Amino acid sequence: MDDTVVEQHAFGAEVGRLLDLVVHSLYSEREIFLRELVANAADAVDRRRFEALTDPNLAPPPDAKIRVVPDKQGSTLLISDDGIGMTRQEMIDNLGTIARSGTRAFAQNLAATEPEDRPNLIGQFGVGFYSAFMVADRVEVTSRKAGSEDAFTWASEGAGQFTLTPASREQPGTDIVLHLKSDASEYLEPVRLETVIRKWADHITLPITVAQDGKDQPANEGTALWRKAKSETTEQSYKEFYRHLGHFFDDPWATLHWRAEGTLEYFCLLFIPGAKPFDPVDNDRDAHVRLHVRRMFITDKAELLPHWLRFVSGVVDTEDLPLNVSREMLQTTPVLARIRKALIGRVVAELKTRTKDADDYNKFWENFGPILKEGVWEDAEHRPEIAPLLRFKSSTQDGWTSLPDYISRMQDGQDTIYYLSGEHADALKTSPQLEGVRAKGIEVLLMADSIDSFWPERLDSFEGKKLRSVTQAAEDLGKGDDQPDISPLLAAIKSALDSKVSDVRSTARLTDSAVVLASDGRGPDLAMQRLMRRAGRAMMPSKPVLEINPRHKLIEALSARLDNTALIAEASETLLDLAQVQEGDLPADASAFARRVTTLLAGSLG
């Protein structure tokens with residue numbers, strides 16, 4: 001009597017919908033299922049090798065490979081690997097739910113993607129395993145985790161549920177058995193399987209074999225692409241490797257391929273993506289360039305590039321480290337420090353070269369500009385090299401501009417680079433903060449990324465010109481002759497606002513608006529203060545300065561009503577709230593602000 005315990009599980013809520021999308025929307029590109037399963041198998045072997053760095057007992061066999069075995073009689077296809085394997089819980093987590101992207105995002109991107117690019121979406125969204133159901137009406141996965149004696153079989157017909165049963169496997173690794181659909185019999189032909197593997201997975205260095213007439217025949221060349229001479233490598237092979245490396249769906253914007261010889265010997269193949277990654281809210285700030293030693297994958301956590309170049313992917317393969325390099329050695333060896341320095345230099349030089357084609361470089365900037373700016377903030381050594389690579393919107397120019405371009409347009413006698421930071425470049429263009437500088441014909445750089453509230457302070461100056469926020473430049477930009485004297489009104493407003501502002505003063509830097517906020521000059525500018533408040537980050541409170549336009553009709557009218565203390569008090573609160581709204585902030589008391597505005601409107605209509 002068979003007393004094997006069979007566990008019944010339901011798929012995660014989105015899996016059923018995803019399976020329907022994968023099977024039907026990508027039906028014409030079914031061969032990519034093999035690419036995805038082989039790539040997953042290769043990754044599993046790489047992960048096992050990495051774990052073996054700290055536990056040699058986990059090392060895969062020296063002849064580790066991926067076996068593809070068709071069985072015409074049983075109408076099944078086996079993909080077997082010597083990888084890290086999965087525990088029971090990992091099989092539930094990895095095969096029964098969608099951890100990251102979600103069906104809705106997948107469907108939206110599917111609809112917006114050209115048919116010829118749709119096969120790459122599967123890898124991009126991390127759901128490659130489910131592509132097996134394009135050709136199979138039942139999938140069985142038997143896996144044993146390295147370091148464990150237990151094995152389990154996951155099985156499903158892709159119809160809303162899966163089963164888990166105890167199993168046995170002689171060695172750690174994973175076997176995937178596909179029970180092929182009647183119209184997928186082509187994938188029982190060894191020649192067809194070899195063709196697909198050579199097309200999609202020839203660059204995988206792990207041997208891949210296809211069983212034919214009882215023998216395992218090599219199906220991939222397995223050459224490390226990065227070790228090939230540049231002259232022997234095609235654009236198509238670069239593209240295929242790039243897409244495999246990071247499950248990307250686009251073409252690389254830049255490809256850097258070189259071999260270093262001399263005191264250090266290493267091979268390097270780096271890519272700068274042509275599109276933003278799918279998950280823009282990913283909090284992982286580490287670069288994940290893969291480190292290999294003599295072709296063997298070691299880790300993608302060697303920090304070969306800094307945070308501000310984390311969009312770069314690729315491989316570095318060195319001869320100057322031992323295969324059993326420890327994690328501690330990776331952190332201290334001077335070999336990696338010298339390689340890291342060389343990689344940063346190459347990438348920065350490539351970016352500098354590509355700036356010569358402004359339209360092309362702007363595409364890169366729109367994808368990864370905010371990340372590159374982080375380097376100005378955190379990397380003092382490379383700050384001077386990064387600064388000329390930055391691009392900005394401008395109050396006077398269309399498109400993107402640079403710091404050198406700004407300096408070339410500065411007025412005679414101007415010694416400051418003025419900027420304004422906020423949340424939206426389009427909104428910044430109409431900000432009252434620009435009224436005075438616009439009237440004087442002074443250009444202002446507009447910065448709308450969160451990091452823009454931080455890095456200008458670290459850069460401080462460029463080519464001898466100080467960087468200064470217009471919100472901190474009232475003394476420079478607010479000077480004017482023949483200003484009406486409104487000192488009694490200023491005193492009354494300051495008295496009414498009491499501790500809410502550090503000062504109330506007249507300004508000549510407004511032309512249309514009645515009021516504007518300015519920094520008191522002793523702390524961070526307004527944008528940084530606003531960003532820190534919204535992030536819940538404590539900082540020393542810095543009260544703003546309320547600047548008043550003495551030529552505005554509202555201010556003239558208030559100056560004539562100084563005897564009405566209640567009116568001045570209420571108007572003062574409203575002026576401060578209006579100034580805050582102009583900066584993109586909510587009033588301190590939104591309800592009170594709404595009541596005051598409503599009362600004023602009612603009075604004007606009465």
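User: Is Asp498 buried or exposed?

Analyst: In this predicted model, Asp498 is exposed, with a relative accessible area of 55%. Exposed means over 50% relative accessible area, buried means under 20%, and partly exposed is in between, using a 1.4 Å probe and protein chains only.

User: Where is Asp498 found?

Analyst: Asp498 is in the loop between α17 (487–497) and β20. Helices (H or I, at least four residues) and strands (E, at least two) are DSSP runs, numbered from the N terminus. Asp498 also has a positive phi of about 50 degrees, although it is not a glycine.

User: What is phi of Glu303 near?

Analyst: Phi of Glu303 is near 55 degrees, a positive value in a residue other than glycine. Glu303 sits in the loop between β13 (296–299) and β14 (313–318).

User: What ground rules apply to the numbers?

Analyst: Residues are numbered from 1 along each chain as its sequence is written, and side-chain values use heavy atoms, with hydrogens and water left out. As this is a predicted model, local features need pLDDT of at least 70 and side-chain atom pairs count only at pLDDT 80 or more, while totals for chains, interfaces and linings use all residues.

User: Back to α17. At what angle do α17 and α20 pack?

Analyst: The angle is about 80 degrees, with the axes 9 Å apart. Axes are lines fitted to C-alpha atoms, for helices over the stretch in contact, and angles run from 0 to 180 degrees between N-to-C directions. The two helices α17 and α20 are therefore roughly perpendicular to each other. Angles under 35 degrees count as roughly parallel, over 145 as roughly antiparallel, 65 to 115 as roughly perpendicular and the rest as oblique.

User: Which residues make that contact?

Analyst: From α17 they are Leu489, Ala492, Ile493, Ala496 and Leu497, and from α20 they are Ile568, Ala569, Ser572, Glu573, Leu575 and Leu576. Contact means heavy atoms within 4.5 Å. By class, the contact of α17 with α20 has nine nonpolar, one polar and one charged residues. Ala, Val, Leu, Ile, Met, Phe, Trp, Tyr, Cys and Pro count as nonpolar, Asp, Glu, Lys and Arg as charged, and the others, Gly among them, as polar.

User: How do α20 and α21 cross?

Analyst: The axes of α20 (residues 565–582) and α21 (residues 590–605) come within 10 Å and cross at roughly 115 degrees. That makes α20 roughly perpendicular to α21. Their contact involves Glu570, Glu573, Thr574, Asp577, Leu578 and Val581 of α20, with Phe593, Arg596 and Leu600 of α21. By class, there are four nonpolar, one polar and four charged residues in the contact of α20 with α21.

User: New topic. What does Lys72 touch?

Analyst: Lys72, in the loop between β2 (66–71) and β3 (76–81), touches Leu188 and Glu189, not counting residues up to four places away in sequence. The side chains of Lys72 and Glu189 make a polar contact (3.1 Å). A polar contact is a pair of N or O atoms within 3.5 Å; within protein, one must be able to donate a hydrogen and the other to accept it, and residues adjacent in sequence count only if both atoms are side-chain atoms.

User: And Thr507, buried or exposed?

Analyst: Thr507 is buried, with a relative accessible area of 3%. Thr507 lies in the loop between β20 (503–506) and β21 (515–518). A polar atom of the Thr507 side chain lies 3.1 Å from the backbone nitrogen of Arg509.

User: How many helices and strands has the protein chain?

Analyst: The protein chain has 21 helices and 22 strands. Buried residues make up 50% of its 606 residues.
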